[in-house]
Amino acid sequence: MTPQQIALVQSSFERLGPRLPDMATRFYQELFARDPALRPLFTTPMDQQKVRFAEKLTEIVRAMPRLDELLTHTHSLGARHAGYGVRAADYQTLGDALLAALAATLGDSFDTPTREAWALAYNLVAETMLEGAAARPISS
Amino acid sequence: MLAGVAVTAQRWPIVGRRLELEVFERVLCSGEHAGLVIYGRAGTGKTRLADECRQQAAKGGHPTERVAGSRTTALLPLGAVAALLVGGLGRPGPEGQVDAVALFEHTRRALHDRYHGRRLVTVADDVAQLDAASLALLEYLAAQGTIFLVATVRTGEPVPDLVTTLWRDGRVERVDLHDLSRAHLDTLLHLALGGPIEAGAGREFWEATRGNPLFVRELVLGALESGALVERSGVWHLEDRLPTTSRLADLVEQRIGGLPGQARSVVELLALCEPVDLDYLDTVAPAGVLESLERAGLVTIAVAEGEVRLAHPLHGKVVRAAIPRLRARTILLAEADRLEAAAPAPSPAALRIALWRLDAGGRPDPAVLVRGAHLARYAHDFRTVRRLVEAVPGQDLDAVGALLLGEALYELGVFDAAERVLARGLQLPSSQHLALRLAVTRAKNAQWGLCRPEAALAINAAARAVITSQPLAEELVADEASVLTFSGHPGRALAVLERITGSDRRTRVVQAIAAAPALAVTGRTAQAVAAAEAGYTDHVALGEELAIAHPAMHLVNQVFALTEAGRLAEAEQLARAGAEIVASQRVPIAQIFFAANIGRVATLQGRVATARRYYAEAAGLAEANRFAGPRRLALSGLALAHAMLGDAQAAAQALAERATMPAFGFRGPEQQLADAWTAIASRQPAEAADRFRAAAAQAASTGHRTTESWLLHDLVRTSGQDASARLRDLATACDSPLVSARARHAAAARARDPLELAGAADDFQALGAMLLAAEAAAGAADAFSQAGDRRATTAALRRSVELAAACEGAVTPGLFRAATVHAAAAVPLSGREREIAMLAAAGLASKDIAERLYLSVRTVNNHLQHAYTKLGVSDRAALAQALGSIA
């Protein structure tokens, strides 16, 4: 990512402001619409789940400019998700849902450069989450 | 902030490969799979992914190993997989032979014991580079569940049998790697550099690499080292242009070319002899050199195993290409001496030591070479056998080496050299056992290679004079019978076989090879099929042995026996299955015989175009592998098929090619079908009849009963001459319904008995011999017509035409008769039909005929169709003949 792209991700995220819970709600709608089979993986009550998602996303967006800090978040997050049964193939769906939720919430200001920056940011987060997932010992 | 960078070179991030890693994890844990195969172009990260799989497995508590082929390891069988031979190379047998099956099994047990039954996850990088014996061992261990194989295959390179076999059995999963997407490249750079990159630099990396992961790695590490890529205020910038080469190898060369002398020495040693002990390298390389190489991403240090390797196979390739030959030789020999001093023979290192000596052009221990040759022989890799044994100095070549080399030369079609080596081997001191094998191989070479059966019999007789202990003496008798069978003396062969008790398995195998074709051709087809089946079972139980035919030859014999028994469909099915097996195992002689037998069955089925195709294939294979005798057989079949298709010129051409081969007695009388049929196609019926009679007489004198029946029946069908009495005797002497059907047909033709002729057609049709059935039906129509039974005539004619439709354009006198019967006895052509038929026979297209006669094309075609039906023909070539006969 370029420094400009990181800045773009952060500024657009700031713009969500009080609409962050709406974005979280939309994210899960988009996600389960794309793949209903993912729903049973989320065992926490949905209200709590959305709050957690919003908190985690905030932490990650703040850590974006500093890779080592970002990795501490994403590695542990990836390991946890692997424990829930999220597979590598699901990350594509998660990314699509996130971009759709951001677009719906931010409206016109979610322009092409912003979308591209978020796509790259998500790719980085997903790859490092999967790295964290892979660090768990495999069962046999 | 830049904590990432130092880590980077040692553990370059892996990006965009998580789905593939998940596949690995799944198949490893499923227990149903024997491995994973990773396909991809150069630089897509196959090696990296395979190593990542290995680390994942290690983390899960699996033992792991890594093997890789190279030019050096390819020199000696199993050289590439020396690391797996934890049980050592095993003890050679009393005559120096290596039992490969026992070695594989011994290795399996040793691995099983060492890892307490856990599967050893084994990365085999670039399997196309592995020698045949290594592939065979990996396949064995994978199939037995001793290892879990992670193999990489470069797209576009030939895929080894190991992979195709496991794949066919559904035992391996496959993943395909591609270059990275732009987004993945971006993530990779971010992780490798530890922070964001300036937009222009990111674009330049994309344009230079197009997402090829290895290219990215080399470019980034090179740019970091050269100072072209620098970090300012937490952002990476390109201060200099990236190297412009688009060749990965150039890039690696540039990187390695810049190394200081001491580092270069380490890299060269690794390129030639990796892996090298970490402890040893620590003592010879100045402090810091290894670390700097590791930082630069050129070597990987596995501390747990105490081993150092180059980071990527490409590095080794580039370095090896650049080392002067003399320098490489010095390094290899020094390393061989060092390892030999550290681990006196026999040790698992013996293979590697021999490899380095070989690569250095030095003289490895002849025992190691011969042992290697045994292993290569097990994998049917005769080129390697030849190369290894020829590396043994002449004075050191013993009888075992002579046997291995002689057999390899025979298999490679170098028959004169094989004769020299085997004759010399027989003069070297050896046991009776070994002398027997030398003699048998030499006789085989004389018969099949040099086409001199009388020399083969002389070699056999000489051996029988000196080898008198049992069961060896008996095996020689079986071998004498084999020479007789395959030189055209089935009757004598069977008489010789009477002298054998058959208590020894090996003798029984040789006996079966000689007996099955002899029994079949003398008309004892049920016994022949049983003998071939038993021979195959015995041969498989016997395992691989020197100087004995391939087990598939029993299947070839069984196909022949089934054909003589008139079980054509079964014969065809077995031949096709066999052909598939030997094609993948590359056993040329069996490939030739399967193809020729498919052609032979097709001839009897009346599928003459199919026959032509398979005989041509057999002839081509025989030519390529320099088997003159089998080539002669195939060319005879090819001429026969051409002639039955009415192509006299092509038939004559095949015969002319055949005339350049030495005589070959096996199925000698049958070969003469080709001459007789070529005479028929050339409209020389009298000559054809003479040839049929002469060949039949030869068949009778040598005991070829089924062949005699074929020849006499063909005489009957093509000339109208009578041979019914002899055919009846043959039917009584043989247990084959095909021979009986021929006798019935001949008797019915002689008696002009329409119902019996129709019955013969039934018999042929039931056997699947459609051309013979069509001809018998035509004969029935003729007889009905003469008896004045119009309705029965038309029905028999219709049946004949229908049967002939399955005969792929066969043009035989018997079919031709159907047309004349039609013309003479059935419905005459109308004036218009005749007019149109004549024009069509003259070669005019329907459109042209329509124009000329002011008719529509449809009308022309209708008339033509009526003419076809009335004349009992199905195409224009036959139309011309039919019109010729009634004009």
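Visitor: Which strands does helix 6 of chain B lie across?
Guide: Helix 6, residues 161–168 of chain B, lies across strand 1, strand 4 and strand 5 of that chain. Keep in mind that this is a predicted model.

Visitor: And what's its angle to strand 5 of chain B?
Guide: Helix 6 of chain B runs at about 120 degrees to strand 5.

Visitor: OK, what order do the strands come in, in that five-stranded sheet?
Guide: The order is 2-3-4-1-5 in chain B, and the sheet is open with parallel pairing. Strand 2 (64–68) and strand 5 (172–177) of chain B are the edge strands, each pairing on one side only.

Visitor: How many degrees does the twist average from one strand to the next?
Guide: The twist there averages 15 degrees.

Visitor: How many bridges link strand 1 and strand 4 of chain B?
Guide: Six bridges, in the parallel sense, between strand 1 (residues 35–40) and strand 4 (residues 147–154) of chain B. As an example to click on, B:Tyr39 stands opposite B:Val153 in strand 4.

Visitor: Where does helix 5 of chain B lie?
Guide: Helix 5 (residues 132–143) of chain B lies across strand 3 (120–125) and strand 4, and it runs at about 135 degrees to strand 4.

Visitor: Switching topic: where's B:Arg119?
Guide: B:Arg119 is in the loop between helix 4 (100–114) and strand 3 of chain B.

Visitor: Is B:Arg119 buried or exposed?
Guide: B:Arg119 is buried, yet it has no salt bridge. The nearest side chain of opposite charge is B:Glu32, 10 Å away, while a salt bridge needs the atoms within 4 Å.

Visitor: Then what lies 3.0 Å from a polar atom of the B:Arg119 side chain?
Guide: That's the backbone oxygen of B:Leu28.

Visitor: Which residues does B:Arg119 touch?
Guide: Leaving out residues up to four places away in sequence, B:Arg119 touches a list of residues that includes B:Val27, B:Leu28, B:His62, B:Pro63 and B:Phe148. B:Ile147 is also among them.

Visitor: Now the three-stranded sheet: what's the strand order there?
Guide: It goes 8-10-9 in chain B, an open sheet with antiparallel pairing. The edge strands are strand 8 (276–277) and strand 9 (299–302) of chain B.

Visitor: And what's the bridge partner of B:Val276 in strand 10 of chain B?
Guide: B:Val308. Strand 8 and strand 10 (residues 307–310) of chain B pair over two bridges.

Visitor: Last one: which strands does helix 11 of chain B lie across?
Guide: Helix 11 (residues 261–273) of chain B lies across strand 8, strand 9 and strand 10, running at about 90 degrees to strand 10.

Key
Residues are numbered from 1 along each chain as its sequence is written. Chains are lettered from A and ligands numbered from 1 in the order in which they are written. This is a predicted model: local features need pLDDT of at least 70, side-chain atom pairs count only at pLDDT 80 or more; totals for chains, interfaces and linings use all residues. Side-chain values use heavy atoms; hydrogens and water are left out. Two strands pair if DSSP finds at least two bridges between them. Helices (H or I, at least four residues) and strands (E, at least two) are DSSP runs, numbered from the N terminus. Axes are lines fitted to C-alpha atoms, for helices over the stretch in contact, and angles run from 0 to 180 degrees between N-to-C directions. Contact means heavy atoms within 4.5 Å. Buried means under 20% relative accessible area, exposed over 50%, partly exposed in between (1.4 Å probe, protein chains only). Lys and Arg count as positive and Asp and Glu as negative; His and the chain ends are not counted. A polar contact is a pair of N or O atoms within 3.5 Å; within protein, one must be able to donate a hydrogen and the other to accept it, and residues adjacent in sequence count only if both atoms are side-chain atoms.
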